[in-house]
Amino acid sequence: MSTLSQTLSATERTRLRRHAERGKTSRADLLAVLDAGMICHLGVVVNGAPLVLPTAYGRIGDTLYLHGSSANRSLHAADGQQVCVTVTHVDGLVCARSVFSHSVNYRCAVVFGAARIVTDQDERLAGLRAVTEQLIPGRWDAVRAPTRKELAATSVLALPLTEASVKVRTGPPGDEPEDLELPVWAGVVPMAVSFGEPEPDPALRPGTVTPDHIRLRSGRAGAGRSS
Ligand SMILES: Cc1cc2nc3c(=O)[nH]c(=O)nc-3n(C[C@H](O)[C@H](O)[C@H](O)COP(=O)(O)OP(=O)(O)OC[C@H]3O[C@@H](n4cnc5c(N)ncnc54)[C@H](O)[C@@H]3O)c2cc1C
C-alpha cells in the first residue's frame, strides 16, 4: 500500500497547461498507466545535453526501477540528478475531417524526480526482479538467478513516484462544427499491443515445454502446448 497521497498534487512542472481537462489526478491512474507498460523513456542531461532513451522498467510500491549495463551512460548520469521518465500507450489514431484536428488516443505518465543508483544488494535484486516481472510475470523464478559477476555488470536506478502527471485522451475527433458536413470519413482506428505465438529457441533442449508464464504473456494460455 502506498504511503504517499492518493492524489497527485500538481507541481510547477507537472501542472498540465495544454488540455488540462485530460489530466488524471489519482495515484491509481498513475499506477495503472505504469503497470500496463514495460518500456519507458528516461530523459537525463548528460554532459550538458538532453538524452532520452527507451528502457525497460519495473515498479515496487512507490518506486520505479530501471536497469542496464554498469557501462550505461544515461543511468550513471542520472544518479543524484533530476530526471524525467515517460510511459506512453497509444490506444488509437484519431482521424478528423481536417488535418488540424487529427489526434491520438493515449494514456501517458510523466514522472520527475531525483534518481539514485541502488547500492543495497537486496534492493538491487528486488529491482531487477521487478523489471523482469514487468516484462514477463513469472519469469524470475523460472530462470537461473544472476551470478555475482552478472550483478556486478548491472546497474539499477531507482526513481520515487512522488512527482508525476497523467494525461489521457479518449473518444472521437474534435472537429470544428463547420467541418461536420464535409464528406470525409472520420473516427478512431483503435490500436493495441499484442504478442505473437512464442518462437522456441532452435537450440532448446528437446522436450522442453512452453511454460505457462510464457503462454500467459503471449495471450495463448489454454492453447495446446508445444516444445
Ligand atoms: C502518443 C502521443 C502523441 C502526441 N502527439 C502530439 C502532437 O503531435 N502534438 C502535440 O502538440 N501534442 C501531442 N501529444 C501531447 C503532448 O504530449 C503534450 O501533452 C502537448 O503537446 C502539450 O505540450 P506542452 O509542452 O504544452 O505541455 P504542458 O501542458 O506545458 O506540460 C506541463 C506538464 O504537464 C505534464 N504533461 C504534458 N503532457 C503530458 C502527457 N502527454 N502525459 C503526461 N503528462 C503530461 C508534464 O508533467 C509537463 O511537464 C501527444 C501525446 C501522446 C501521448
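This report describes the ligand surroundings and the salt bridges of a predicted model.

## Ligand shell

The ligand is surrounded by 14 residues, and Arg13, Arg17, Arg18, Ser165 and Lys167 are the closest. Sorted by class, this shell holds six nonpolar, three polar and five charged residues.

Three strands, β5 (82-95), β6 (103-114) and β9 (163-169), each provide at least two residues of the shell. The largest share is that of β6, with four residues.

## Polar contacts and burial of the ligand

A polar backbone atom of Arg13 is 2.5 Å from a ligand oxygen, and a polar backbone atom of Arg18 is 3.0 Å from a ligand oxygen. Ser165 contributes through its side chain, a polar atom of which lies 2.8 Å from an oxygen atom of the ligand. The protein buries 58% of the 860 Å² that the ligand exposes when taken alone.

## Salt bridges between strands and loops

Side chains of opposite charge can pair when their charged atoms come close. Across the whole structure, 11 salt bridges are found.

One of them joins the side chains of Asp91 and Arg107, with an N to O distance of 2.7 Å. Asp91 belongs to strand β5 and Arg107 to strand β6, and the pair links distant parts of the chain, 16 residues apart. Asp91 counts as partly exposed because its relative accessibility is 24%, between the limits of 20% and 50%. Arg107, at 29% relative accessibility, is likewise classed as partly exposed.

A salt bridge also connects the side chains of Asp175 and Arg97, again with 2.7 Å from N to O. Asp175 is in the loop between β9 and β10 (187-190) and Arg97 is in the loop between β5 and β6, so this pair ties together parts that lie 78 residues apart in sequence. Asp175 has a relative accessible area of 12% and is therefore buried, whereas Arg97 is partly exposed at 25% relative accessibility.

Arg129 and Asp141 form a salt bridge in which the closest N and O atoms are 2.9 Å apart. Arg129 lies in helix α3 (residues 121-135), while Asp141 occupies the loop between α3 and α4 (148-152); the pair therefore ties together parts that are 12 residues apart in sequence. Arg129 is partly exposed, with 34% relative accessibility, and Asp141 is exposed, with a relative accessible area of 60%.

Elsewhere, a network of salt bridges links Glu197, Arg215 and Arg220.

Terms used:
Residues numbered from 1 in each chain as written. Predicted model: local features only at pLDDT ≥ 70, side-chain atom pairs only at ≥ 80, totals over all residues. Heavy atoms only, no water. Near = heavy atom within 4 Å. Polar contact = N/O pair within 3.5 Å; in protein donor to acceptor, adjacent residues only side chain to side chain. Areas by Shrake-Rupley, 256 points an atom, 1.4 Å probe, with all protein chains shown as cover. Nonpolar A, V, L, I, M, F, W, Y, C, P; charged D, E, K, R; others polar. Salt bridge = Lys/Arg side-chain N within 4 Å of Asp/Glu carboxyl O. Buried < 20%, exposed > 50% of the residue type's maximum accessible area, 1.4 Å probe, protein only.
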